Amino acid sequence: MGRAKITVVGAGNVGATCAHWAAARELGDVVLVDIIEGMPQGKALDLMQARPIFGFNVEVVGTNDYEASRGSQIVIITAGIARKPGMSREDLINTNKNIVAGVTREVAARSPRAVLIIVSNPLDAMSYVALKVSGFPKKRVMGMAGILDTARFRCFIAMELKVAVEEIQSMVLGGHGDEMVPLVSYTNISGVPLRARLSKKRVEALVERTRKGGGEIVSLLKTGSAFYAPAAAAVQMAEAIIKDQKRLVPVSAYLEGEYGLKDIFFGVPVILGAGGIEKILEVKLTPEEQVMLERSAAAVARTRDALGM
Ligand code: APR
């Protein structure tokens with residue numbers, strides 16, 4: 001078997017960073033696609049020239065033509081517009097719906113066995129578009145959000161407690177919006193419950209910062225939205241699938257009754273392996289978390305309905 005092929009559509013901030021990390025980790029050959037002429041070609045060539053220095057032996061191709069993506073195992077879709085200060089993820093819906101639908105048609109026709117990882121926002125709605133347009137089985141279409149939101153929560157906890165980030169275990173579920181649901185009851189520092197180390201008030205402050213984590217970066221950058229951590233999260237999902245790691249991580253998955261929700265993409269814990277989403281786990285929530293989850297689901301359902309699909 002040859003190397004895996006990973007196509008990244010959208011060679012902007014998130015897409016180029018995905019290509020960078022996927023190549024540096026030697027996950028497979030990378031095809032970077034964008035509509036802007038020359039830009040993906042330039043970034044790909046630049047990455048190719050970094051290989052002798054860091055010593056990674058994969059090919060990176062930049063193109064405006066989907067033919068090079070043929071036979072991809074993974075397609076990461078980052079095409080679309082990003083938020084500017086004052087915008088919510090939902091404000092992107094009309095532009096990104098058409099872009100994601102068009103991109104999905106192109107990649108699905110050439111890589112009918114691929115797993116699609118959606119990054120374009122509003123995330124849960126764009127994943128819905130990709131599922132409907134591709135006609136792929138639900139286990140091969142997913143959105144990247146939960147790993148990112150969880151990483152933000154883990155990062156803030158580690159900064160507060162001055163402890164290594166790897167020791168912090170947590171899970172953020174729900175929609176990729178300000179109503180997301182950090183599961184405090186499952187959050188621990190190498191097994192020590194978070195609540196035993198931090199006051200309720202501090203925990204609440206970190207939860208709030210996590211919910212607005214994307215917005216905090218948008219207001220600092222002013223010209224776009226976060227990309228290092230989002231790309232890292234998308235690449236971790238690709239790695240779990242390519243290496244059949246069976247990782248238990250939160251991703252936006254199509255639900256058909258799980259958590260009492262139907263016909264909606266929503267952040268839930270899953271097992272990620274070679275088949276894509278191999279299993280959706282239903283974990284027990286506290287009554288408080290259950291209320292938050294329902295509120296988040298209502299917000300995601302409104303955005304899905306706004307798609308008119
Ligand atoms: N086909 C391919 N590429 C496209 C298309 C299309 N139809 N339409 C736009 N693009 C490309 C743009 O040319 C641009 O290079 O998508 C890229 C988007 O890059 P950025 O503007 O840098 O945005 P980025 O920060 O990467 O965010 C991309 O991910 O996190 C989400 O909310 C974010 O929806 C946004 C997406």
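In this predicted model, the C-alpha centres of domain 1 and domain 2 sit 22 Å apart. Domain 1 runs over residues 5-143, and domain 2 takes in residues 146-307.

On one side, 40 residues of domain 1 are involved, and they are in contact with 45 residues of domain 2. The size of an interface is often given as the accessible area lost when the parts come together. Here, domain 1 and domain 2 bury about 3600 Å² between them, with 68% of that area on carbon and sulfur atoms.

Polar links cross the boundary as well. Sorted by class, the side of domain 1 that touches domain 2 has 23 nonpolar residues, eleven charged ones and six polar ones.

Salt bridges between domain 1 and domain 2 come to three. Take the pairing of Lys132 with Asp263, whose side chains meet in a salt bridge at 3.7 Å, N to O. Lys132 belongs to helix α4. Once residues up to four places away in sequence are set aside, Lys132 touches Tyr254 and Met309 as well as Asp263. Is Lys132 buried, partly exposed or exposed? Its relative accessibility is 40%, so Lys132 counts as partly exposed, a label for values between 20% and 50%.

Now for a residue in domain 2. Ser296 lies in helix α10, which spans residues 287-307. With a relative accessibility of 2%, Ser296 counts as buried, because that label applies under 20%. Which residues does Ser296 contact, leaving aside its neighbours within four places in sequence? Ser296 is in contact with Gly174 and Gly175, with Glu179, Met180 and Val181, and with Phe266.

Note on methods: Residues numbered from 1 in each chain as written. Predicted model: local features only at pLDDT ≥ 70, side-chain atom pairs only at ≥ 80, totals over all residues. Heavy atoms only, no water. Domains from an automatic or database assignment. Contact = heavy atoms within 4.5 Å. Buried area = accessible area lost by both parts, 1.4 Å probe. Salt bridge = Lys/Arg side-chain N within 4 Å of Asp/Glu carboxyl O. Nonpolar A, V, L, I, M, F, W, Y, C, P; charged D, E, K, R; others polar. Helix = DSSP H or I, 4+ residues; strand = E, 2+ residues; numbered from the N terminus. Buried < 20%, exposed > 50% of the residue type's maximum accessible area, 1.4 Å probe, protein only.
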